[in-house]
Amino acid sequence: MNDYRLDLVHRPRRLRVNENLREMVAETDLRTRQLVQGHFVIPGEGQTQEVASLPGVSRYTADQLIPAVERDLANGVRSVMLFGVPDHKDAKGSGALDPEGEVPNAVRLLKTAFGDELTVMADVCLCPYTDHGHCGFVEGEQVVNDSSVATLAQMAVVLAEAGVDFVGPSDMMDGRISEIRHHLDEVGFDRTAIIAYSAKYASAFYGPFRDAAGSSPSFGDRRSYQMDHRNPREAIREVLLDLEEGADMVMVKPALAYLDIIRAVREVSTVPVAAYNVSGEYSMVQLAVREGLADERAMVLEILGGIRRAGADLIITYHASRVAAEGWLS
Ligand code: PBG
């Protein structure tokens, strides 16, 4: 058996024979510094709440967020994306404009504690703050565009005043990047950057997030503003518009069912491309691990590696803390 020889010139396995060689020829590089950890911020002080739908993820009051971020930072996670989970909601989403709201407070504390060591991004959207749970204002059954954009731009200014490095509009209203850019510049925040959720699809994978943030729409769904998953070309249109309007980074969301979109966006984008490995994608892995159906390390690195290979420069993921804490990439 063992002395049987094929007459082969090409043996791709030669480049796979040992770890050293596999490292040498690896075509994709996944690093902890490319990961952004998502965090949910609640009002008040001294509280940490586990999120049942996102095993391993907690909601923190701003003061409790500091030690959690400090640990991640020590392990190499250099960026966070913040989402507010307010206790007050109304039709106008007025909480989104409160300079003393949970997110501006958290931004101030984080930037005071860590300065430029930590890049702080904050989600810009009305859904956690509106009593109807839509990402813009509602008239009848319609989510209206332009007046929503005006408020989103004000929200971005509130976050910029708190010291945020990046605002991340996730609302999918038309024209919001340009309006946010102009509002920020008018009040002197020309260095506050915009990471645009450019190709954000209406997705069943946001379920655990909506549970964590209490942001499910009370009627209808988000298909009149978020994209249809059948449309790849439209993603390019959204990205090109956001680039023209001044986005500093663009994003594809979700990631896993949209790897082709990440690749396509990467080919046209002149700015870094982010991918959002969303809540449902995270929880599927965690539940499989809990059931003993998957090796967490192997599965997470394959997923994040796949998103990188598709073309993402950075990945927003709830796995970041654990990847870093376990030293899976060091
Ligand atoms: C707010 C927002 C959502 C997510 C990020 N920002 C929810 C939604 O659009 O319903 C989802 C992120 C995730 O699932 O992890 N608009």
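A cavity is a set of grid points, laid over the protein atoms alone, where a 1.4 Å probe fits but cannot get out. The views below apply this term to a predicted model.

**Figure 1. The ligand and the largest cavity of the predicted model.** The largest cavity is the space taken by the ligand. A molecule is assigned to a cavity if more than half of its atoms lie within 2 Å of the grid points of that cavity. The volume of the largest cavity is about 160 Å³. In total, three cavities of 30 Å³ or more are counted.

**Figure 2. Lining of the largest cavity.** Eighteen residues form this lining, and those nearest the centre of the cavity are Cys 127, Lys 200, Tyr 206, Phe 209 and Lys 253. Two elements, strand β9 (193-200) and helix α6 (207-213), each give two or more residues to the lining. By residue class, the lining of the largest cavity comprises 10 nonpolar, three polar and five charged residues.

**Figure 3. The shell of residues around the ligand.**

**Figure 4. Polar contacts between side chains and the ligand.** An oxygen atom of the ligand lies 2.6 Å from a polar side-chain atom of Arg 210. Ser 170 places a side-chain N or O atom 3.2 Å from a nitrogen atom of the ligand. For Lys 253, the distance from a side-chain N or O atom to a ligand nitrogen atom is 3.4 Å. The ligand taken alone exposes 400 Å², and the protein buries 100% of that area.

**Figure 5. The largest pocket.** In contrast to a cavity, a pocket is an open set of points. The largest pocket holds about 520 Å³ of space. Its lining consists of Glu 19, Arg 22, Glu 23, Val 25, Ala 26, Glu 27, Thr 28, Asp 29, Leu 30, Gly 305 and Arg 309. Helices α1 (19-25) and α10 (296-310) are the elements that supply two or more residues to this lining.

**Figure 6. Composition of the pocket lining.** Helix α1 makes the greatest contribution to the lining of the largest pocket, giving four residues. The charged residues include Glu 19, Arg 22 and Arg 309.

Technical notes: Residues numbered from 1 in each chain as written. Predicted model: local features only at pLDDT ≥ 70, side-chain atom pairs only at ≥ 80, totals over all residues. Heavy atoms only, no water. Near = heavy atom within 4 Å. Polar contact = N/O pair within 3.5 Å; in protein donor to acceptor, adjacent residues only side chain to side chain. Areas by Shrake-Rupley, 256 points an atom, 1.4 Å probe, with all protein chains shown as cover. 1 Å grid on protein atoms, 1.4 Å probe; cavity = no way out; pocket = protein on both sides within 12 Å on 5 of 7 lines; lining within 4 Å. Points joined across faces, edges and corners; volume = space filled by probe spheres on them.
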